[in-house]
Amino acid sequence: MNYEEAENIPGMIELVERNMLFSILNSLDIEQEDSIVEFGPFFGRSTNCIAQGLIANRKYYPGCKFYTYDSFECDENGWFAPHLIGRAKAGGVEHLLERSNGKISFEKIFSYYMKSYLDSKTVISVKKKIVDSQPPSNTIAFIHIDSPKFFEEFKIILYRFFPQTKIGSVIVFQDFFYEWSATIILPITILAEKGYLMLESSAATSLVCRIIKVPKKNDLQEIETIMSKDEECEKYFDISIQSCKKIKLDRAESYLPRLTLARVQWLYSRGHYQTARKTIVKYLKEGNPFTLKLVDNFLDLLANGFSIRHSFEKDHSNDEVPTLAGAGKFEKNDEKQK
């Protein structure tokens with residue numbers, strides 16, 4: 001792997017995650033005409049690692065297409081803008097940002113760093129919002145998800161893209177171990193508990209899973225029903241923590257406690273204040289550490305009123321999350337993605 005090439009791209013994924021992405025794609029069991037998919041490539045650091053691993057894979061076929069999905073824009077006053085501008089400044093590419101009608105576009109930065117891969121058609125960039133994204137017609141062997149932080153948006157990927165996977169497909173959920181990822185942690189845990197996903201390992205905030213049973217529409221409807229019931233849903237935080245303790249975790253002492261913070265955020269945002277308080281008290285009584293880093297994560301929740309939904313929606317102000325029926329529709333035409 002060309003570490004310098006990836007390091008030179010501003011991004012938020014750590015070295016251990018870059019190694020993980022390269023390693024997975026380098027050894028991935030690829031069949032002819034399989035597709036690779038990424039949501040939220042940002043400036044392209046993760047995309048670069050995936051592309052490098054894919055090209056190095058001995059089973060790589062020219063017909064195996066790597067699609068990245070991103071709207072490449074955010075609201076100037078939204079939740080993502082400070083992160084975007086900070087990384088662009090750090091990389092000396094702030095001049096490539098484009099501002100118009102209260103939006104910031106960063107597509108030119110992605111194109112700048114990924115030019116050789118885009119020109120060679122190793123990477124096919126699909127400029128779409130999540131709500132408009134449609135899967136390729138081919139089987140999906142790998143998905144890297146680093147965009148939605150809420151189930152309302154994640155279910156679009158779930159309904160449209162997961163049925164296109166196969167047994168053995170690898171799914172990497174970036175920011176799984178994150179205090180704001182509660183409504184992503186829950187459906188992933190439910191999928192695992194119901195026998196569709198197998199949790200394998202982690203790298204920083206990323207959780208690596210494998211498809212062991214391809215979910216169908218009715219299966220996904222069952223998961224959405226569970227997600228609509230707070231009392232039934234909450235138990236999956238405990239299941240998630242216990243399941244993660246059984247796999248190889250990267251720096252478990254730093255990242256595993258974030259699942260408890262995510263639970264607190266989820267409870268508080270739903271008005272279950274006493275239960276949220278009891279969750280913290282129980283965590284401390286059991287002798288779990290509350291490190292300075294964890295305090296910082298907790299203060300992040302506190303500073304944002306335990307919800308970033310309002311700020312998040314500024315970045316997606318023109319999106320309409322489709323109904324269940326709408327979320328399941330997609331075009332079986334690969335050319336529509338090019």
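In this predicted model, Ile143 touches Val37, Phe39, Phe161, Phe162, Thr165, Val170, Ile171 and Val172, with residues up to four places away in sequence not counted. Ile143 is also among the members of the largest nonpolar core that touch the most other members.

**Nonpolar cores**

- The largest nonpolar core has 66 residues, and those touching the most other members are Ile143, Ile145, Phe162, Phe173 and Phe176.
- Apart from this core lies another, made up of 42 residues that include Met20, Ile50, Leu54 and Val93.

**Largest pocket**

- The volume of the largest pocket is about 1100 Å³.
- Its lining comprises 48 residues, and Met12, Trp79, Phe80, Lys149 and Asp175 lie nearest the centre.
- Two or more lining residues come from each of helix H3 (45-56), strand E2 (65-70), strand E3 (73-75), helix H4 (81-90), helix H14 (292-303) and helix H15 (309-315).
- Among the elements, H14 gives the most to this lining, with five residues.
- Sorted by class, the lining of the largest pocket holds 19 nonpolar, 18 charged and 11 polar residues.

**Second largest pocket**

- The second largest pocket has a volume of about 430 Å³.
- Of the 19 residues that line the second largest pocket, Ile241, Thr260, Tyr283, Glu286 and Asn288 lie nearest its centre.
- Helix H10 (230-245), helix H11 (252-255), helix H12 (257-269) and helix H13 (273-285) are the elements that each give two or more residues to this lining.
- The lining of the second largest pocket has eight charged, six nonpolar and five polar residues.

**Cavities**

- Two cavities of 30 Å³ or more are present in the structure.
- The largest cavity has a volume of about 70 Å³.
- Its lining consists of Ile145, Asp146, Ser147, Pro148, Lys149, Phe154, Phe173, Gln174, Asp175, Ser181 and Ile184.
- By class, these lining residues divide into five nonpolar, three polar and three charged.
- Lys149 and Asp175 line the largest cavity and are also among the residues nearest the centre of the largest pocket.
- Ile145 and Phe173, which line the largest cavity, are also listed among the members of the largest nonpolar core that touch the most other members.
- The second largest cavity holds about 40 Å³ of space.
- Pro257, Thr260, Leu261, Val264, Ile280, Tyr283, Phe290 and Leu294 line the second largest cavity.
- H12 and H13 are the elements that give two or more residues to the lining of the second largest cavity, and H12 gives the most, with four.
- The lining of the second largest cavity has seven nonpolar residues, one polar residue and no charged residues.

- Ile140 is in strand E7 (residues 140-145).
- Ile140 has a relative accessible area of 0% and is therefore buried.
- Beyond its neighbours within four places in sequence, Ile140 is in contact with Ser35, Val37, Phe161, Gln164, Thr165, Lys166 and Ser169.
- Val37, Phe161 and Thr165 are contacts of Ile140, and Ile143 touches these residues too.
- The C-alpha atoms of Ile140 and Cys64 are 9.7 Å apart, while the two residues are 76 residues apart in sequence.
- Ser202 is located in strand E9 (residues 197-203).
- Ser202 counts as buried because its relative accessibility is 11%, under the 20% cut-off.
- The Ser202 side chain reaches the backbone nitrogen of Asp250 at 2.9 Å.
- Asp250 is also one of the residues in contact with Ser202, along with Phe177, Lys248 and Leu249, when neighbours within four places in sequence are left aside.

**Positive phi angles**

- Most residues other than glycine have a negative phi.
- Glu33 is not a glycine, yet its phi is positive, at about 75°.
- Glu33 lies in the loop between helix H2 (15-27) and strand E1 (35-39).
- With 39% relative accessibility, Glu33 counts as partly exposed.
- Phe72, likewise not a glycine, has a positive phi of about 55°.
- Phe72 is in the loop between E2 and E3.
- The relative accessible area of Phe72 is 0%, so Phe72 is buried.
- E2 and E3, the strands on either side of the Phe72 loop, each give two or more residues to the lining of the largest pocket.

Methods
Residues are numbered from 1 along each chain as its sequence is written. This is a predicted model: local features need pLDDT of at least 70, side-chain atom pairs count only at pLDDT 80 or more; totals for chains, interfaces and linings use all residues. Side-chain values use heavy atoms; hydrogens and water are left out. On a 1 Å grid over the protein atoms alone, a cavity is a set of points where a 1.4 Å probe fits but cannot get out, and a pocket is an open set with protein on both sides within 12 Å along at least five of seven lines; lining residues have an atom within 4 Å of a point. Grid points are joined across faces, edges and corners, and a volume is the space filled by probe spheres set on the points. Ala, Val, Leu, Ile, Met, Phe, Trp, Tyr, Cys and Pro count as nonpolar, Asp, Glu, Lys and Arg as charged, and the others, Gly among them, as polar. Buried means under 20% relative accessible area, exposed over 50%, partly exposed in between (1.4 Å probe, protein chains only). A polar contact is a pair of N or O atoms within 3.5 Å; within protein, one must be able to donate a hydrogen and the other to accept it, and residues adjacent in sequence count only if both atoms are side-chain atoms. Contact means heavy atoms within 4.5 Å. A nonpolar core is a set of buried Ala, Val, Leu, Ile, Met, Phe, Trp, Tyr and Cys residues joined through side-chain atoms within 4.5 Å.
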